[in-house]
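Subject: The structure for you to look at

Hi,

Here is the structure I promised to pass on. Have a look at it first, and then read on for what turned up.

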Amino acid sequence: MTGLYYEEFEVGQTIEHGKRRTVSESDNQQFCDMTMNQQPLHLDADFAADTQFGERLVNGLYTMSLAVGVSIPDTTDGTIVANLSYDDVEHPNPVFHGDTIRAQSTVTDKRETSDGERGVVTMHVEAFAVNRDEDGTEGDGETLVCEFDRTVLSLKKENQ
């Protein structure tokens with residue numbers, strides 16, 4: 001178990017997640033297949049070539065799911081009761097095949113449950129395409145590609 005218990009979260013704390021993933025064409029194709037999303041902007045190179053992006057985009061829900069997945073070892077692995085909500089999801093920039101994604105979570109709120117047995121923690125999660133500048137070109141920077149608030153019901157250490 002590597003996740004944090006309720007008492008270990010601090011409002012204002014930013015957790016940089018060490019795991020990263022380079023998104024492949026296969027990742028995007030499989031996610032679209034599993035979720036039955038056949039949007040041609042994700043799957044059809046000819047269609048996507050004629051859009052403002054000029055190439056296929058990675059499914060935004062995959063990007064969000066990936067951000068959650070890479071955050072779990074550092075936040076809620078083995079210490080969560082449930083995910084309660086995902087709110088205020090935004091995709092300010094696209095993700096392309098070959099982009100490497102990293103994420104960070106900032107604790108924005110926490111409170112004990114009414115019975116005092118567990119805690120509710122809200123984190124603002126941000127996902128970035130690394131080595132891509134704001135203008136979309138390859139560079140040394142990173143571009144914000146997804147952000148959202150994740151609220152979880154967390155175990156308390158003192159009750160374990």
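This is a predicted model: local features need pLDDT of at least 70, side-chain atom pairs count only at pLDDT 80 or more; totals for chains, interfaces and linings use all residues.

**The cores**

Let's begin inside. The largest nonpolar core has 18 residues, and Val23, Ile101 and Phe148 are the ones with the most contacts inside it. Helix H4 (60-75), S4, strand S5 (118-132) and strand S6 (138-155) each give at least two residues to this core. H4 supplies the largest share, with 6 residues.

**The salt bridges**

How many salt bridges does the structure hold? The count is 6. Here are three of them.

Start with Arg102. Its side chain meets that of Glu16 in a salt bridge, at 2.9 Å from N to O. Arg102 is in strand S4 and Glu16 is in strand S1 (residues 14-16), so to speak two distant parts of the chain, 86 residues apart.Arg102 forms another salt bridge with Glu142, and here the N to O distance is 2.8 Å. Glu142 lies in strand S6 while Arg102 lies in strand S4, so this pair ties together parts that are 40 residues apart in sequence. Taken together, Glu16, Arg102 and Glu142 are linked in a network of salt bridges.

Is Arg102 buried or exposed? Arg102 counts as buried, because its relative accessibility is 8%, under the 20% cut-off. Glu142, at 32% relative accessibility, counts as partly exposed.

Glu112 counts as partly exposed at 43% relative accessibility, whereas Lys156 counts as buried at 2%.

**Helix H1**

Next, turn the model until you can see helix H1 (residues 25-34). Asp27, Asn28, Phe31 and Cys32 are buried in this helix. These four cover an arc of only 125 degrees around the axis, so they are on the same side of H1. What do the buried residues of H1 pack against? They pack against strand S2 (21-22), helix H2 (40-43) and H4. After H1 comes Met36, which has a positive phi, near 60 degrees.

**The cysteines**

A disulfide is a covalent bond between the sulfur atoms of two cysteines. The count in this model comes to 0.

For a disulfide, the two sulfur atoms would have to be within 2.5 Å. Cys146 is likewise in no disulfide. Cys32 counts as buried, at 0% relative accessibility, and Cys146 also counts as buried, at 0%.

**Two single residues**

Glu7 is found in the segment before S1. With a relative accessible area of 32%, Glu7 is partly exposed. Not counting residues up to four places away in sequence, Glu7 touches Lys110, Leu155, Lys156, Lys157 and Glu158. The side chain of Glu7 reaches the backbone nitrogen of Lys157 at 2.8 Å.

Look for it in the loop between strand S3 (80-90) and strand S4 (100-112). Asp99 is buried, with a relative accessible area of 11%. A polar atom of the Asp99 side chain lies 2.9 Å from the backbone nitrogen of Phe96.

That's the tour. Happy browsing!

Technical notes: Residues are numbered from 1 along each chain as its sequence is written. Side-chain values use heavy atoms; hydrogens and water are left out. Buried means under 20% relative accessible area, exposed over 50%, partly exposed in between (1.4 Å probe, protein chains only). A polar contact is a pair of N or O atoms within 3.5 Å; within protein, one must be able to donate a hydrogen and the other to accept it, and residues adjacent in sequence count only if both atoms are side-chain atoms. A nonpolar core is a set of buried Ala, Val, Leu, Ile, Met, Phe, Trp, Tyr and Cys residues joined through side-chain atoms within 4.5 Å. A salt bridge is a side-chain nitrogen of Lys or Arg within 4 Å of a carboxyl oxygen of Asp or Glu. The arc is that of the directions from the helix axis to the C-beta atoms. Contact means heavy atoms within 4.5 Å.
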